[in-house]
Amino acid sequence: MKIQAITGMKDLLPEETPLWEKVEGVLRETVESYGYSEIRMPILEKTDLFVRSIGEVTDVVEKEMYSFEDVGGDKLSLRPEGTAGCVRACNEHGIIHNQERRLWYMGPMFRHEKPQKGRYREFHQFGIEVFGLKGPDIDAEILMLTNRIWQKFGISDHVKLELNSLGSSEERKQYRSKLVSFLEEHKDVLDEDSKRRMYTNPLRVLDSKNEAVQELLKDAPKLSDFFGEETLAHFNGLRKLLDEAGIHYEINDRLVRGLDYYNYTVFEWVTDLLGAQSTICGGGRYDGLVEQLGGQPSPAVGCAIGLERFMLVAEAVGQKESRGPVDVYFCSMGENARSRSFQIAEQLRTGIKGLRLMMNCGDGAFKKQFKKADKSGARYALVLGDDELEKGMIAVKDLRNDGSQQEVAIGDLPGFLSSALSLDQD
Ligand code: HAM
């Protein structure tokens with residue numbers, strides 16, 4: 001019986017990787033143009049890190065983590081997101097203590113969710129995290145940066161920005177008690193999940209997908225009624241910067257995000273092209289997390305793009321990428337010619353920048369080798385038999401135009417091929 005991949009975990013086949021490579025390259029270039037540096041964290045962390053940062057009463061921690069005990073008895077989890085590990089790493093190495101840092105990372109994340117289009121159990125995030133800056137200007141920079149990414153891939157018309165403020169923890173505390181009283185009064189309308197969340201994590205009730213609950217919430221008290229001066233100044237400051245940058249947004253006061261560490265700004269970029277899994281990027285401010293995880297207090301803000309969702313949107317607007325064929329296919333026959341052909345091939349790869357040369361491996365008459373050369377899509381076949389070798393020559397066959405063949409001195413080959421293929425010599 002064939003063993004199959006784990007449900008919700010996808011292979012990326014060679015036909016798919018060129019678009020991924022392109023997207024990854026553009027994302028890297030974009031964040032580097034804003035002065036961000038890469039950080040790489042382990043995929044596996046102590047379970048406690050996620051429980052303490054994402055929050056015990058969240059879908060991610062309650063039911064979606066891949067957790068296990070290793071042979072030494074340590075409780076570990078595959079990372080469901082990157083922020084917690086990034087903060088842990090920064091604290092551990094003291095790299096955000098009294099310093100500003102703009103960081104980015106890219107890699108696989110794991111959540112045991114029900115797979116559907118745009119939702120997988122292994123997925124990839126491109127994340128950015130900024131430490132040491134507390135004003136709304138850096139929140140705006142992150143939104144400008146993500147907006148630039150949508151522009152580069154021509155998807156701006158299909159994404160919109162939803163924005164909210166969650167206020168300070170003190171404001172949320174006051175709001176929470178008012179919200180709980182309201183929910184208690186209308187307990188009969190609440191579904192089981194909302195009833196449970198009402199006491200453990202009442203703000204998450206705002207995010208309920210249940211229609212009756214949504215209807216009820218129209219009359220619920222609003223968090224924004226509890227905002228003090230500082231929160232309003234931050235939020236209005238951000239809105240002004242976005243207006244000036246020409247970035248459109250909608251205020252969504254139900255936007256609370258699924259992770260517990262946020263305060264002040266939260267946002268999501270949503271698309272109309274993906275059905276239910278419409279958020280392609282989510283993030284916000286998390287000023288308390290660094291201290292909560294044992295570091296010196298530091299303001300922080302960040303976001304993460306879900307790459308599978310981004311890729312689906314890019315494909316939907318017609319983004320395509322394919323890997324071109326090799327330039328040269330090298331055929332040889334006879335023992336001496338074969339071993340010399342490997343040396344020549346290595347010299348050509350060293351001597352011509354960007355040359356893609358494929359060797360014929362395995363036995364076979366020239367006829368069979370030419371068939372493989374043709375199938376490879378190469379522009380030229382190099383043909384070396386013991387006869388040619390004796391003369392110090394090699395035959396170069398043009399596979400794409402007239403099929404003509406000419407003999408070139410082995411020493412002249414780098415010059416000949418580089419000019420025929422318009423590649424530079426090293
Ligand atoms: P998140 O909203 O949980 O935030 O995830 C960010 C993005 O990852 C989502 O908007 C979505 O595009 C993608 N994503 C999440 N779950 C899945 C899944 N099961 N399948 C496919 N894509 C998925 C965070 O993870 C925060 N760490 C973001 C952040 C960084 N906040 C501050 N800094």
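**Labels and the values behind them**

Q: How do you know what span is expected for helix 6, with its 17 residues?
A: In this predicted model, helix 6 reaches 24 Å from its first C-alpha to its last. The expected span takes 1.5 Å times one less than the number of residues, and for helix 6 the expected value is 24 Å, so the reach is close to it.

Q: Which residues of helix 6 are buried, and what do they pack against?
A: Among them are Tyr 175, Phe 182 and Leu 183. The buried residues of helix 6 pack against helix 7, helix 8, helix 9 and strand 9.

Q: Why is Trp 150 called buried?
A: Its relative accessibility is 0%, and buried means under 20%, so Trp 150 counts as buried.

Q: What makes Trp 269 buried or exposed?
A: Trp 269 has a relative accessible area of 3%. The cut-off for buried is under 20%, so Trp 269 is buried.

Q: Why is the pair of Trp 150 and Trp 269 called edge-to-face?
A: The ring centres are 5.7 Å apart, and the limit for a pair is 6.5 Å. The planes are 75° apart, and over 60 counts as edge-to-face, so the name applies. Trp 150 is in helix 5 and Trp 269 in strand 9, 119 residues apart.

Q: Why is the pair of Trp 150 and Phe 310 called tilted?
A: The angle between the planes is 40°. Stacked needs under 30 and edge-to-face over 60, so this pair is tilted. Phe 310 lies in helix 11, so the pair ties together parts 160 residues apart in sequence.

Terms used. Residues are numbered from 1 along each chain as its sequence is written. This is a predicted model: local features need pLDDT of at least 70, side-chain atom pairs count only at pLDDT 80 or more; totals for chains, interfaces and linings use all residues. Side-chain values use heavy atoms; hydrogens and water are left out. Helices (H or I, at least four residues) and strands (E, at least two) are DSSP runs, numbered from the N terminus. Buried means under 20% relative accessible area, exposed over 50%, partly exposed in between (1.4 Å probe, protein chains only). Contact means heavy atoms within 4.5 Å. Rings of Phe, Tyr and Trp (its six-membered ring) pair if their centres lie within 6.5 Å; planes under 30 degrees apart count as stacked, over 60 as edge-to-face and the rest as tilted.
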